[in-house]
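Okay, everyone, let's get going.

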Amino acid sequence: MERIEVRINTAVRAITAAALLFTIAEPKSWAWGREGHRLTALVAEAYLTPTAKEQVKLLLGSETLADVAPWADDYRVNHPETAPWHYVDTPKAEDKFDRNRDCPVSSTDPKSPWRDCVTDRILYFEGRLGDDTLSKAERAMALKFLVHLIGDVHQPLHTIGDDRGGNGISVTFLGSSTCGSYKCNLHGVWDESLIDHRGLSEPKYTAALLQEIKDNHWERMSGGEPTTWANVSHHYATQAYAPNGALITHEYVEEETKVVDAELALGGLRLAHVLNRILVAPETDTPAAAKPVEAEKPQPQ
Ligand code: ADE
Ligand code: ZN
Ligand code: ZN
């Protein structure tokens, strides 16, 4: 009896050790980590019009924008064909996104006008969110993708093609070669480590981003197109790029955390701007000319 137990225990320990080794050696670094996506959504929530807020609630029910923000990364596990929707692979040596070069034709539907990269898929899901011939479930899914993908296009390493967006660049972060439960790589440093290193709770980080928006008048930069956002992100990525084996120092962290904050804040502002434009009151039978309405303003926080 004891022998069998010892053998089982040894086997369990061996399997656990192998699983642990596997998770340390095999990073699944895909997007701003969950926290980056939640922060983008929390900033957006502060800038939604009352009507957009109401429509979000109708579509998401008891979940908030922040709750659903990381969802597309979970969806991708069983839908690998959606993986390229999370990034755009503009080479480091180029300074502008080129759709023919950087955004592949859809793998599942080569005749589709929509291609497989983040800038195309943001526009695709904007169209679906605003399409009232689609079901509530389809529009809710479009909203969940939009919240996530507008976050991703603001993660600089999601707009650079080299080394799979820096996933293949091993680094040490402030002297450590492990970042959380995986071996540090440049992409993961940007998805998670720089955000974690801020050491702020979610409410404090959100408040800090809202304050930075006000102090720097970033509201003025809420507009624009996904490709313009991607080009700015790509510029930041080329500045932040580091070679294999690089040491991520305190100086790097101090400098690049400013970029992380600006991109989280701008991602949130632009998400709100997109949602405020699309999620207007449903049409009624009254002719539009008979009921002029003033443009809605985001609610003061
Ligand atoms: N895989 C390939 N390129 C990538 C990128 N830029 N970001 C995330 N994953 C990728
Ligand atoms: Zn993602
Ligand atoms: Zn990522």
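T82 is buried, with a relative accessible area of 2%. By buried I mean under 20% relative accessible area, while exposed is over 50% and partly exposed is in between, with a 1.4 Å probe and protein chains only. T82 sits in the loop between helix 5 and helix 6. Helices here are DSSP runs of H or I with at least four residues, strands are runs of E with at least two, and both are numbered from the N terminus. Between T82 and R121 there are 39 residues in sequence, and their C-alpha atoms are 9.7 Å apart in space.

Quick housekeeping: this is a predicted model, so local features need pLDDT of at least 70, side-chain atom pairs count only at pLDDT 80 or more, and totals for chains, interfaces and linings use all residues. Residues are numbered from 1 along each chain as its sequence is written, chains are lettered from A and ligands numbered from 1 in the order in which they are written, and side-chain values use heavy atoms, with hydrogens and water left out.

Now the metal. Which residues coordinate the zinc ion (ligand 2)? They are D73 (OD), H86 (ND1), H148 (NE2) and D152 (OD), at 2.1 to 2.8 Å. Donors are N, O and S atoms within 2.8 Å of the metal, or 3.2 Å for Na, K and Ca; water is not among the atoms, so a site may look incomplete. Along the sequence, the donor residues follow the spacing D-x12-H-x61-H-x3-D.

What about the geometry of that site? The angles among the four donor atoms of the zinc ion (ligand 2) run from 83 to 177°, and the site is irregular. For the cut-offs: four donors are tetrahedral if all angles lie between 85 and 135 degrees; four are square planar and six octahedral if opposite donors are over 155 degrees apart and all others between 65 and 115; anything else is irregular.

The zinc ion (ligand 2) is 6.0 Å from another zinc ion (ligand 3).

M141 counts as partly exposed, at 30% relative accessibility. Its C-alpha is 9.2 Å from that of L60, which is 81 residues away along the chain.

On to ligand 1. The residues around it are Y87, D89, L157, H158, I160, R164, G165, N167 and H187, meaning that each has a heavy atom within 4 Å of it. That shell splits into three nonpolar, four polar and two charged residues. In this scheme Ala, Val, Leu, Ile, Met, Phe, Trp, Tyr, Cys and Pro are nonpolar, Asp, Glu, Lys and Arg are charged, and the others, Gly among them, are polar.

For polar contacts, I'm taking pairs of N or O atoms within 3.5 Å; within protein, one must be able to donate a hydrogen and the other to accept it, and residues adjacent in sequence count only if both atoms are side-chain atoms. A nitrogen atom of ligand 1 is 2.9 Å from an N or O atom in the D89 side chain. There is also a nitrogen atom of ligand 1 at 3.1 Å from a polar backbone atom of L157, and one at 3.0 Å from a backbone N or O atom of I160. Taken alone, ligand 1 exposes 260 Å², and the protein buries 92% of that; accessible areas come from the Shrake-Rupley method with a 1.4 Å probe, and for residues only the protein chains shown count as cover.

R164, from that shell, is found in helix 9. Its phi is near 50°, a positive value in a residue other than glycine. Most residues other than glycine have a negative phi. D163 also has a phi near 50°, and is found in helix 9 (residues 163–166). R164 counts as exposed at 59%, whereas D163 is partly exposed at 39%.

Last stop, helix 12 (residues 226–240), where S233 is placed. S233 is buried, at 0% relative accessible area, and its side chain reaches the backbone oxygen of V153 at 2.7 Å.
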